[in-house]
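Good morning, and thank you for coming. I would ask you to keep the structure in view while I go through it.

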Amino acid sequence: MAVPISQAWTVASYVIGQKLKGNKHYPLVLMLEPLFRCNLACAGCGKIQYPDHILNKRLSPQECWDAAEECGAPMVSIPGGEPLIHPEIGEIVEGLVARKKYVYLCTNALLLKRKLELFKPSKYLTFSIHMDGLKDEHDVAVCRDGTYEVAVEAIQEAVKLGFRVTTNTTLFDGAAPEKVRAFFDEMMKLNVEGMMVSPGYSYQKAPDQEHFLHRDKTKKLFSEILSNRKKSWHFNLSPNFLEFLQGHVDYDCTPWGNPTFNIFGWQKPCYLLQDGYVPTFKQLIDETDWSKYGQKSGEERCRDCMVHCGYEASSVDDTFGSLSGFIRTVKATLAN
Amino acid sequence: MPQSDKSHGTAYSSQEGKTITPQNRAELDEAIRLAFDYRGDTTLQLKDGSSMEGYIFNFDSKSGSIQLFVKEGKDSVAKKLTFDQVQAVVFSGDDKAFGKSWDDWSAKSARQREEEAERARKLAETLGHL
């Protein structure tokens, strides 16, 4: 198993608890964006496309902790921007760990080696390193040469010091399955705990016939990558999500599963779409018309999306939602 | 980090520099929606003759409310306005999304990409973020 037993148990008991309460709209992972400023400028990244005065804004540690408590999700992912730029990131993480949240600090690792002293190894803290492939693929994806090597050194240092480390990979059309498989081999050689992988989100405002192929293309790509999986590969993802990516099971999106909080407030409806903001988590859940989102809703922007921030929660919900879902998970785990 | 635009053929036309003076509520709704989607500051010219420039991060057509962050000194402060106060919408700030798509990047020459990457790196270095 890629995650500690304690984390798996915490998530399992939390989800089962939500089911017993009859709560459908429960959060699984808080996407906590403490800033949007980044030290990379990856082409196409919508998260950094703001005027400077917005990029200069930060959430305070107290705002971060309040959001985590208000939401109640057992896991907190900290993306951005680049979280390690935040001057109080050590304090933010310390406070979340004290609240027994399983924290995934997402980083491009350019600052990680320098900033490791701000953190203490803990079962609650994982550095999730943005790695989109081997050197050539990764440096092209992030639009800066040398980034891959810096990230690898930082991973090695973090692992050596006893931190939990995963990689986080986004794949787009054109990814070569054999290169991705070779990349997985290299990441596991770095002794990371596990890997996360997701298709990229790509929304075109002008619909065309190609849209109908996107989901099929994604499933084909992931089938080629994930079938005949190596035993040495560990994924920090639900087995059902990996089945979903290959088209072996179908889910609809669970946008409330990964609620997003940033300097603007609670983002409607999900991590990727920005349809407005509300000041409280309760308003996010109660005032968003969830029927308008997800693949089955007919919402054009959701039609081809298969990203983990919407579908990992669906997969986990399936695992604990029924006996058949649980059996599906066991089968997927044993088969790979 | 999921990137929003590793795609081909996204048609994006910028509002930068444009002014919209709505003539009715439907046009006002559309102008505010465009300003919300815009990845730069907009200036709202108000009916009382004043104006407010900032980043519109939220709006609600039903209640007629607009929220924006306005620069004040070194900080940026949240302000609220109503649709009824707005005379015109000016897309006054730089469009931070224009020319930044994956397709735009791919269409550049190797030299142009190197120069742009170097500019981004130097900015991060100057800010102490590398």
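I begin with helix α3 of chain A, residues 61-71, which lies across β1, β2 (75-78) and β7 of chain A. The helix runs at about 155 degrees to β1(A). Please bear in mind throughout that this is a predicted model.

Let me turn to the sheet. In chain A, nine strands form an open sheet with mixed pairing, in the order β6-β5-β4-β3-β2-β1-β7-β8-β9. Its edge strands are β6 (194-199) and β9 (274-278) of chain A, each of which pairs on one side only. On average, and ignoring direction, neighbouring strands of this sheet are turned by 30 degrees against each other.

Strand β4 (residues 125-130) of chain A runs parallel to β5(A), and five bridges join the two. In this pair, F127(A) stands opposite V165(A) of β5(A). The next pair, β5(A) and β6(A), is also parallel, over six bridges. Here T169(A) stands opposite V197(A) of β6(A), and L171(A) stands opposite P199(A) of β6(A).

Is strand β5 of chain A, residues 164-171, largely enclosed by the rest of the structure or largely open? Eight of its eight residues are buried, so β5(A) is largely enclosed by the rest of the structure. Both faces of the strand are covered. On one side we find R164(A), T166(A), N168(A) and T170(A), and on the other V165(A), T167(A), T169(A) and L171(A), all of them buried.

I come next to the nonpolar core. In soluble globular proteins, nonpolar side chains tend to be buried together. The largest nonpolar core in this model has 118 residues. Those with the most contacts inside it are L30(A), L32(A), C42(A), A68(A), V76(A), V103(A) and I155(A). Taking V76(A) as an example, and not counting residues up to four places away in sequence, it touches L30(A), L32(A), A68(A), L96(A), K101(A) and V103(A).

Why does L35(A) count as buried? L35(A) has 22 C-beta neighbours inside 10 Å, and the cut-off for a buried residue is 20 or more. Leaving aside neighbours within four places in sequence, L35(A) is in contact with K57(A), R58(A), G80(A), G81(A), I85(A) and H86(A).

Chain B can be treated briefly. Its domain assignment gives domain 1 (19-98) and domain 2 (99-130). The centres of these two domains of chain B, taken over C-alpha atoms, are separated by 29 Å.

Finally, a word on confidence. Chain A averages a pLDDT of 94, and 96% of the residues score at least 70. Over residues 205-212 of chain A, however, the pLDDT is below 50, and this stretch has six contacts in the model beyond near neighbours in sequence. Where pLDDT is low, the predicted coordinates should not be read in detail.

Technical notes:
Residues numbered from 1 in each chain as written. Chains lettered and ligands numbered in written order. Predicted model: local features only at pLDDT ≥ 70, side-chain atom pairs only at ≥ 80, totals over all residues. Buried ≥ 20, exposed ≤ 12 C-beta atoms within 10 Å, placed from the backbone. Contact = placed C-beta atoms within 7 Å. Domains from an automatic or database assignment. Pairing = 2+ DSSP bridges. Helix = DSSP H or I, 4+ residues; strand = E, 2+ residues; numbered from the N terminus. Axes fitted to C-alpha atoms, helices over the stretch in contact; angles between N-to-C directions. Core = buried A, V, L, I, M, F, W, Y, C linked by C-beta atoms within 7 Å. pLDDT = per-residue confidence, 0-100.
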